[in-house]
Amino acid sequence: MSQINPIQLQKFLKGVDYPASKNTLIENAKKMGADENVCNSLEQLPDEEFEAPIDVSQALSKEQKKHH
């Protein structure tokens, strides 16, 4: 899994109403044209509610560190 640019990630999550579930984030990213790498990364997130975009970025960062 390659690193995801946090700014690029927020583009794919534009329009999400927070708090948002992992599934909501994935669906929104797909609608916004996210590639397979971004969607796969979002799939790795814990199954929880995210309060804000920064929470998503921090959770993704933790997951990516685990896999390296």
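Mentor: Start with Val56, which lies in helix H4. Keep in mind that this is a predicted model.

Trainee: Why is Val56 called buried?
Mentor: Its relative accessibility is 0%. Buried means under 20%, so Val56 counts as buried.

Trainee: Which residues does Val56 touch, leaving out those up to four places away in sequence?
Mentor: Leu9, Leu13, Tyr18, Leu25, Leu42, Leu45 and Phe50. Take Leu45: it is 11 residues from Val56 in sequence, and their C-alpha atoms are 8.2 Å apart.

Trainee: Tyr18 is in that list. Where does Tyr18 sit?
Mentor: In the loop between H1 and S1. Pro19 lies in the loop between helix H1 (6-12) and strand S1 (20-21) too.

Trainee: What kind of peptide bond joins Tyr18 and Pro19?
Mentor: A cis peptide bond, with omega at about 0°.

Trainee: What makes Tyr18 partly exposed?
Mentor: Its relative accessible area is 23%. Buried is under 20% and exposed is over 50%. The value falls in between, so Tyr18 is partly exposed.

Trainee: Which residues are in contact with Tyr18, its neighbours within four places in sequence left aside?
Mentor: Leu13, Leu25, Phe50, Glu51, Ala52, Pro53 and Val56. Pro53 is 35 residues from Tyr18 along the chain, yet their C-alpha atoms are separated by 8.0 Å.

Trainee: How do you know that Lys66 forms a salt bridge with Glu63?
Mentor: Their closest N and O atoms are 3.1 Å apart. The cut-off is within 4 Å, so the pair qualifies. Side chains of opposite charge can pair when their charged atoms come close.

Trainee: How many salt bridges does the structure hold?
Mentor: One.

Trainee: Where do Lys66 and Glu63 lie?
Mentor: Both are in helix H4 (residues 53-66). They are three residues apart, about one turn of the helix.

Trainee: Are Lys66 and Glu63 buried or exposed?
Mentor: Lys66 has a relative accessible area of 60%. Exposed means over 50%, so Lys66 is exposed. Glu63 has 11%. That is under 20%, so Glu63 is buried.

Trainee: What does Pro46 touch, not counting residues up to four places away in sequence?
Mentor: Lys22, Ala59 and Glu63. Pro46 is found in the loop between H3 and S2.

Trainee: Why is Pro46 called partly exposed?
Mentor: Its relative accessible area is 30%. From Pro46 to Val56 is 10 residues in sequence and 9.9 Å in space, C-alpha to C-alpha.

Trainee: Which residues form the negative surface patch?
Mentor: Asp47, Glu48, Glu49 and Glu51. Asp and Glu count as negative.

Trainee: Last one. How do you know that Asn28 is buried?
Mentor: Its relative accessibility is 12%. The limit is under 20%, so Asn28 counts as buried. Asn28 is found in helix H2 (residues 22-31). Beyond residues up to four places away in sequence, Asn28 touches Phe12, Leu13, Lys14, Gly15 and Val16.

Conventions:
Residues are numbered from 1 along each chain as its sequence is written. This is a predicted model: local features need pLDDT of at least 70, side-chain atom pairs count only at pLDDT 80 or more; totals for chains, interfaces and linings use all residues. Side-chain values use heavy atoms; hydrogens and water are left out. Helices (H or I, at least four residues) and strands (E, at least two) are DSSP runs, numbered from the N terminus. Buried means under 20% relative accessible area, exposed over 50%, partly exposed in between (1.4 Å probe, protein chains only). Contact means heavy atoms within 4.5 Å. Patches are made of residues with over 30% relative accessible area and no salt bridge: like charges are joined within 9 Å, nonpolar side chains (Val, Leu, Ile, Met, Phe, Trp, Tyr) within 5 Å. Accessible areas come from the Shrake-Rupley method with a 1.4 Å probe; for residues, only the protein chains shown count as cover. A salt bridge is a side-chain nitrogen of Lys or Arg within 4 Å of a carboxyl oxygen of Asp or Glu. The place of a charge is taken as NZ of Lys, CZ of Arg, CG of Asp or CD of Glu.
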